[in-house]
Amino acid sequence: MTVTRRQFVQIAAGGIGATSLAALGFSPARALADTRAFKLTHATETRNTCPYCSVGCGVILYALGDRAKNAHTEIIHVEGDADHPVNRGTLCPKGAGLLDFIRSPDRLQFPEYRAPGSSEWKRVSWDWAVDRIARLVKDDRDKNLLHKNAAGVTVNRWLTSGFLAASASSNETGYLTVKILRALGMTAIDNQARV
Amino acid sequence: MALQSLDIRNRSASTFEGPSARQALEVAKLIDVSRCIGCKACQSACMEWNDLRGAVGVNDGLYTNPADLDDQTWTLMRFYEENLPTGLQWLILKDGCLHCAEPGCLKSCPSPGAIVQYANGIVDFHEESCIGCGYCISGCPFNIPRLRKEDSKVYKCTLCSDRVSVGLEPACVKTCPTGAIHFGSKADMLFQAQGRLADLADRGFKNAAVYDPKGVGGTHVVYVLPHGDHPEKYGLPRRPSVSPLVALWRSGFARTAGVVTMVGVAVAGILHYMRHGPLEVPEEKE
């Protein structure tokens, strides 16, 4: 399309006129004003505990859907639990960003095993992993359990293994953890919460 | 529906009269700078709630990260190292929209309905009506709105208008672990702020002040500044105001003058044509 100088001036004048009318309030459409729709209206709420540190803040996970048979849930939002006595709804920057932690592409979602000397991680089943851990734990304890100390006093110590517990454990879980490990004779018990 | 639950007080570029029978509660956010530890939970919660994720940027040696507000960052913790008469101070400010009672952005916006002010005081951008002209950016005395290049729309803090409209507090307020951010009625927030001033004065901050600047009619985000005699050290203008040119360009006078000029030009054109006829241009000059 070729535009002569005269046509160019005409087009420009028409454009200025039209936009001036719009700017003066003669706008063709009248937009509605509404807030962004509240996104949690029918989301499913699930209480949980923030996994990061020993403070153990209560969080609510908001998921798509109402758990109907054909609805696949997907967490869309995480927020502090206002009824939780620890944090009363507040969250630190890590807790406030839990959604990205849940959805992280780097998140470990299944057990993996790297054999001694190998540089390859391979995916294993939970059954395989639990069996192997139990086997190694039993072998080590059978071999190294110290029944009596140098003075001949019964101590039943198992000093060659340690246990690292999770920070998000409840009091009850913590109690059971200590109970079971002490029963095995283990003394080195620590917690990720000290990080 | 929302038009009933959240009446509109002002609407950009419109001669709009909102329903005014209902007395809406005026809300406000109180940011108590003296209690803030700069943890950025508010920044994180804001991004999470509003579904914003900025690209990973570059650390330029400051705690302020990202370096500035942008279309993905509607609130930003700014850190300042300032020499004050009391010695070197590390000042922290949660920057973001102040939701002015007389918003410069709304006054300067030429697109009908792109910026609205609800009766509860929240100033909200409706990006679907935004034409990306950026006048709101020049109209804002606090340098808050940010133009997104990809879609030519301007974005800023909504004071979580979607949450407030269903009776919740904004995301940043809820998450704040130290209780530095509060939300409630404007009257209650000012009352709380006065209580904080008394406490700060006890602790030696004699110049602590409430930042609720009258130049923009007061704001719906109110700060308690421990060094209230130096708001500019926190990056806040001492006496913010909307330029009188903004008021002029959206005024009835400017519109009338515009219409008169347009009609005048049209009339003059017709008269000129009637008197002199079309301009004859030789073909070779065209």
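**Figure 1. Contacts between domain 1 and domain 2 of chain A.** In chain A, 6 residues of domain 1 are in contact with 4 residues of domain 2; two residues are in contact if their C-beta atoms, placed from the backbone, lie within 7 Å. The side of domain 1 of chain A that touches domain 2 of chain A has 3 nonpolar, 3 polar and no charged residues. In this classification Ala, Val, Leu, Ile, Met, Phe, Trp, Tyr, Cys and Pro are nonpolar, Asp, Glu, Lys and Arg are charged, and the others, Gly among them, are polar. This is a predicted model, in which local features need pLDDT of at least 70 and side-chain atom pairs count only at pLDDT 80 or more, while totals for chains, interfaces and linings use all residues. Residues are numbered from 1 along each chain as its sequence is written, and chains are lettered from A and ligands numbered from 1 in the order in which they are written.

**Figure 2. Domain bounds in chain A.** Domain 1 covers 44-102 and domain 2 covers 112-194, with bounds from an automatic or database domain assignment. The centres of the two domains, taken over C-alpha atoms, are 30 Å apart.

**Figure 3. The loop of chain B that holds K206(B).** K206(B) sits in the loop between α7 (186-202) and β10 (209-211) of chain B. Helices (H or I, at least four residues) and strands (E, at least two) are DSSP runs, numbered from the N terminus. K206(B) counts as exposed because 11 other C-beta atoms lie within 10 Å, and the cut-off for exposed is 12 or fewer, with C-beta atoms placed from the backbone. From K206(B) to P226(B) the C-alpha to C-alpha distance is 8.2 Å, at 20 residues apart in sequence.

Key
Buried ≥ 20, exposed ≤ 12 C-beta atoms within 10 Å, placed from the backbone.
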